[in-house]
Amino acid sequence: MNKEEKSDISKDKSDIPSDDISYIEEEEEVVETRELRNFEEVRQIKNSNPLLHVIYFEFLYSIFYLFIEALLFLYKGYLLPYPPSSIGPEIAAFFFFMCIQFFRIKVINNGAKINDKFSIILSLALTIPVFVGYVYLFTYQTYSLIFDMALGIFAFIYSGLVVVFSVYNLIFK
């Protein structure tokens, strides 16, 4: 930087006409007010940490459930005398059910982070088919093993906890 550039940079407000100085000061106040308002908005965001924790663990358990249940379908398909017309629809229904489950988790995770009541209500509505899917998988399959029942009960408990914390979040936040 040469001396001319430094002198241009070091101009103070005395070189600026008084009308322009008041405009600059007003702009600075507006920026400060806007920054303060944004800071207050950030402080007012109320997310539900217990709900977010339960959602996180339900997501992990859903991945585990998907993997183990897929292995159980392989086990049942090879070692148990499944009727050929029933294993395909059961596997398709299971994967459709898991797609609904992961979509529900994504919706409630986003809704809980920003406290969006519509997302939480949509997630609660999607919980009904998820509960039906869990009940079907641990009671009404062609072959329902004890391990299927245990996995389904734990998944049902996780989903129930999410429902409880979601309703709490809707009422009190």
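Q: In which helix does threonine 127 lie?
A: The structure shown is a predicted model. In this model, threonine 127 lies in helix α5.

Q: Is threonine 127 buried or exposed?
A: A residue counts as buried when its relative accessible area is under 20%, and as exposed when that area is over 50%. Threonine 127 has a relative accessibility of 2%, so the residue counts as buried.

Q: Which backbone oxygen does the side chain of threonine 127 reach, and at what distance?
A: Two kinds of neighbour can be named here. Leaving aside residues up to four places away in sequence, threonine 127 touches Arg104 and Val163. Its side chain also reaches a backbone oxygen, that of serine 123, at 2.8 Å.

Q: Which elements give two or more residues to the largest nonpolar core?
A: The largest nonpolar core has 18 residues, and Tyr65, Phe94, Phe97, Tyr134, Leu137 and Leu151 have the most contacts inside it. The elements that give two or more residues to this core are α3 (49-79), α4 (84-114), α5 (117-140) and α6 (146-172).

Q: What accessible area do the residues of the nonpolar surface patch have together?
A: In soluble globular proteins, nonpolar side chains tend to be buried together. Here, however, Phe67, Leu71, Leu74, Tyr75, Tyr78 and Leu79 form a nonpolar patch on the surface. Phenylalanine 67 has its place in helix α3. Together, the patch residues have an accessible area of about 700 Å².

Methods
Residues numbered from 1 in each chain as written. Predicted model: local features only at pLDDT ≥ 70, side-chain atom pairs only at ≥ 80, totals over all residues. Heavy atoms only, no water. Core = buried A, V, L, I, M, F, W, Y, C linked by side-chain atoms within 4.5 Å. Buried < 20%, exposed > 50% of the residue type's maximum accessible area, 1.4 Å probe, protein only. Helix = DSSP H or I, 4+ residues; strand = E, 2+ residues; numbered from the N terminus. Patch = residues over 30% accessible without salt bridge, like charges linked within 9 Å, V, L, I, M, F, W, Y side chains within 5 Å. Areas by Shrake-Rupley, 256 points an atom, 1.4 Å probe, with all protein chains shown as cover. Salt bridge = Lys/Arg side-chain N within 4 Å of Asp/Glu carboxyl O. Polar contact = N/O pair within 3.5 Å; in protein donor to acceptor, adjacent residues only side chain to side chain. Contact = heavy atoms within 4.5 Å.
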